[in-house]
Amino acid sequence: MNDTKNGQLVAGGNDRGNRLDQFNWPTKVLIDKETKSLIISDPGNRRVVRWSRCSGTTEGEILIDNIRCWGLAMDDQRNLYISDDEKHGVIRYQIEEDKEGTLVAGGNGRGANLNQLDWPTFVFVDQEQTVYVSDWANHRVMKWNKGAKEGIVIAGGQGNGESLTQLHHPEGLFVDTSGTLYVADSWNDRVMGWPRGAKQGTVIVGGNGEGERANQFNGPRGLSFDCHGNLYVADWGNGRVQRFSLK
């Protein structure tokens with residue numbers, strides 16, 4: 001019988017450090033189904049590592065190093081997209097073939113112009129290889145079409161605040177097939193939904209002040225949906241993951 005009350009250690013767990021069996025502030029994990037492995041951003045060690053999901057794996061292997069990685073995303077062609085909060089850009093890599101990468105968003109210095117980002121965190125990529133990035137210090141979410149030289153503000157960008165036109169340090173994000181953006185509005189303790197082309201968002205969950213009640217958050221970070229439309233939110237300050245049925 002599966003133990004649903006206790007988690008299973010699958011990577012790291014050997015204190016903080018830079019050995020291949022250790023991490024230093026891991027921030028994001030992806031599942032690579034083709035290689036049956038986990039791909040993990042390890043910004044404290046300036047690297048992205050891969051851990052096999054096979055039983056008995058005791059250490060990872062470095063895929064990309066010398067990068068201040070934060071967010072990770074993968075497209076249908078298994079290209080890896082990494083937000084670099086030192087270069088203030090998003091870089092695309094072909095796994096195992098490309099060590100230099102291609103800049104696909106930002107990378108023009110820290111700033112608030114449409115060709116710039118300021119501390120990019122989470123990344124989402126759709127089937128057209130459009131890149132969506134949480135532009136954390138600019139309090140906005142940017143959309144970069146494939147090959148574009150500058151991005152489009154699709155949420156926020158009105159300074160930090162709690163009105164429906166504003167975000168305050170956005171983090172995790174997801175875009176559904178209709179183009180609706182869902183974003184963890186971290187310092188406003190809420191998850192916002194922004195339909196394609198909308199001038200303001202809607203509070204999906206949270207927005208009831210910082211707290212630990214079931215309808216509250218304390219600094220939500222990551223979010224994801226399952227195949228049934230349930231929303232999962234990493235409630236960072238409360239040390240928990242919450243599930244919401246939006247149907």
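Biologist: Let's start with one side chain. Is Arg-190 buried or exposed?

Modeller: Keep in mind that this is a predicted model. The general idea is that buried means under 20% relative accessible area. Arg-190 has a relative accessible area of 5%, so the residue is buried.

Biologist: Which side chain does Arg-190 meet in a salt bridge?

Modeller: Asp-185 is the partner, at 2.7 Å from N to O. Asp-185 is buried too, because its relative accessible area is 0%. There is also a network elsewhere: Asp-32, Glu-34 and Arg-78 are joined into one by salt bridges that share partners.

Biologist: How many salt bridges does the structure hold?

Modeller: Twelve. Another one to look at pairs the side chains of Arg-47 and Asp-42, at 2.9 Å from N to O. Arg-47 comes out at 5% relative accessibility, so that residue counts as buried. Asp-42 sits at 0% and counts as buried as well.

Biologist: And what about Asp-118 and Arg-110, how do their side chains meet?

Modeller: In a salt bridge, with 2.6 Å from N to O. Asp-118 has 11% relative accessibility and counts as buried, whereas Arg-110 is exposed, with a relative accessible area of 57%.

Biologist: Now the cysteines. How many disulfides does the count come to?

Modeller: The way to read this is by distance: a disulfide needs a pair of cysteine sulfur atoms within 2.5 Å. By that rule the count here is zero. Cys-69, at 0% relative accessibility, counts as buried.

Biologist: Last topic: cavities. How many of 30 Å³ or more does the structure hold?

Modeller: A cavity is a space where a probe fits but cannot get out. This structure holds one of 30 Å³ or more, and about 50 Å³ of space lies in the largest cavity.

Biologist: Which residues line the largest cavity?

Modeller: Among them are Leu-63, Ile-64, Leu-80, Tyr-93 and Gln-94. Strand S4 (61-65) and strand S7 (89-94) are the elements that give two or more residues to this lining. The lining also includes Ile-95, Glu-96, Asp-98 and Lys-99.

Biologist: What does the lining of the largest cavity have by class?

Modeller: Five nonpolar residues, one polar and three charged. Glu-96, Asp-98 and Lys-99 from the lining belong to the charged class.

Technical notes: Residues are numbered from 1 along each chain as its sequence is written. This is a predicted model: local features need pLDDT of at least 70, side-chain atom pairs count only at pLDDT 80 or more; totals for chains, interfaces and linings use all residues. Side-chain values use heavy atoms; hydrogens and water are left out. A salt bridge is a side-chain nitrogen of Lys or Arg within 4 Å of a carboxyl oxygen of Asp or Glu. Buried means under 20% relative accessible area, exposed over 50%, partly exposed in between (1.4 Å probe, protein chains only). On a 1 Å grid over the protein atoms alone, a cavity is a set of points where a 1.4 Å probe fits but cannot get out, and a pocket is an open set with protein on both sides within 12 Å along at least five of seven lines; lining residues have an atom within 4 Å of a point. Grid points are joined across faces, edges and corners, and a volume is the space filled by probe spheres set on the points. Helices (H or I, at least four residues) and strands (E, at least two) are DSSP runs, numbered from the N terminus.
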